[in-house]
Amino acid sequence: MIYSDDHLRGILKRTKRVAVVGVSANPVRPSYYVARYLRLKGFDVTPVNPGLAGQVLFGAEVYGDLKSIPHDIDMVDIFRKSEAVPGIVDAALDRWPGLQTIWMQIGVAHAEVAAMAEARGVDVIQNRCPKIEYQRLFGELRMGGFNTGIVSSRL
């Protein structure tokens, strides 16, 4: 799947509220640090994980499922196996008919569900990470994949 930088940038600029499905409370897990990063960048992050429901992560209540979230969401970021995508997307589209974006993390894709959501006018990004794309598109990611602020080689 190829997405133009303008398309990805547009999604990230318009998005305000993100539900992160499959978030972990373990700070070494990608779902934790991606959700934390998005929160630090000003996104209103709503964590979703049935095992953590009722707890607080990143200053926000964790919900057990999408239908329990009491407010609107612009983007659903999926940190689950591809086999779980159909149920998550169905629940998201039922809950928010005006949902703007379904974002599937690196290693997560589901062509049939993506086509169905796109037919309903939802932007779908598969096999990408919004943290990496945000860093890359807004000048925070360097050639090595991260920005330490330290020059480690000489010309």
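Student: Which residue follows helix H2, and is its phi positive or negative?

Tutor: The residue after H2 is Gly42, and its phi is positive, near 100 degrees. Please keep in mind throughout that this is a predicted model. With the end of the helix located, we may turn to the helix itself.

Helix H2 covers residues 30-40. Its buried residues are Ser31, Tyr32, Val34, Ala35, Tyr37 and Leu38. The cover over these residues includes the strands E1 (17-21), E2, E3 (56-57) and E5, and also helix H5.

Strand E2 consists of residues 44-48, and Thr46 lies within it. Thr46 has a relative accessibility of 2% and therefore counts as buried, since the cut-off is under 20%. Its contacts, leaving aside residues up to four places away in sequence, are Val18, Ala19, Val20, Tyr63, Ile69, His71 and Ile73.

Strand E3 contains Leu57. This residue is likewise buried, with a relative accessible area of 10%. Leu57 and Ala35 are 22 residues apart in sequence, and their C-alpha atoms are 9.2 Å apart in space. Among the residues that Leu57 touches is Tyr32; the others, beyond four places in sequence, are Val23, Ser24, Ala25, Pro47, Leu52 and Val62. Tyr32, as listed above, is one of the buried residues of H2.

We now come to the helical neighbour. Two packed helices are described by the angle between their axes and the distance between the axes. The axes of H2 and H5 come within 9 Å and cross at roughly 45 degrees. This angle makes H2 oblique to H5. On the side of H2, the residues that meet H5 are Tyr33, Val34, Tyr37 and Leu38; on the side of H5, they are Pro130, Lys131, Tyr134 and Gln135. Sorted by class, this contact has six nonpolar residues, one polar and one charged.

Six of its eight residues are buried, so H5 is largely enclosed by the rest of the structure. The six are Pro130, Lys131, Glu133, Tyr134, Gln135 and Leu137. Their cover includes H2, and also helix H1, strand E5 (75-78) and strand E6. After H5 comes Gly139, which has a positive phi, near 80 degrees.

H5 also packs against H1. The axes of H1 (residues 5-14) and H5 (residues 130-137) come within 10 Å and cross at roughly 110 degrees. The two helices are therefore roughly perpendicular to each other. The residues of H1 in this contact are Asp5, Leu8, Arg9 and Leu12, and they meet Pro130, Glu133, Tyr134, Arg136 and Leu137 of H5. By class, the contact of H1 with H5 has five nonpolar residues, four charged ones and no polar ones.

Gln105 lies in the loop between strand E6 (101-104) and helix H4 (111-119). With a relative accessible area of 4%, Gln105 is buried. Beyond four places in sequence, Gln105 touches Val34, Asp77, Ile78, Phe79, Asn127, Arg128, Cys129 and Pro130.

The axes of H3 (residues 85-95) and H4 come within 9 Å and cross at roughly 15 degrees. That angle makes H3 roughly parallel to H4. The crossing of H3 and H4 is left-handed. In this contact, Val85, Pro86, Val89, Asp90 and Leu93 of H3 meet Val113, Met116 and Ala117 of H4.

Note on methods:
Residues numbered from 1 in each chain as written. Predicted model: local features only at pLDDT ≥ 70, side-chain atom pairs only at ≥ 80, totals over all residues. Heavy atoms only, no water. Helix = DSSP H or I, 4+ residues; strand = E, 2+ residues; numbered from the N terminus. Buried < 20%, exposed > 50% of the residue type's maximum accessible area, 1.4 Å probe, protein only. Contact = heavy atoms within 4.5 Å. Axes fitted to C-alpha atoms, helices over the stretch in contact; angles between N-to-C directions. Parallel < 35°, antiparallel > 145°, perpendicular 65-115°, else oblique. Nonpolar A, V, L, I, M, F, W, Y, C, P; charged D, E, K, R; others polar. Left-handed = near helix turned anticlockwise from the far one by under 90°.
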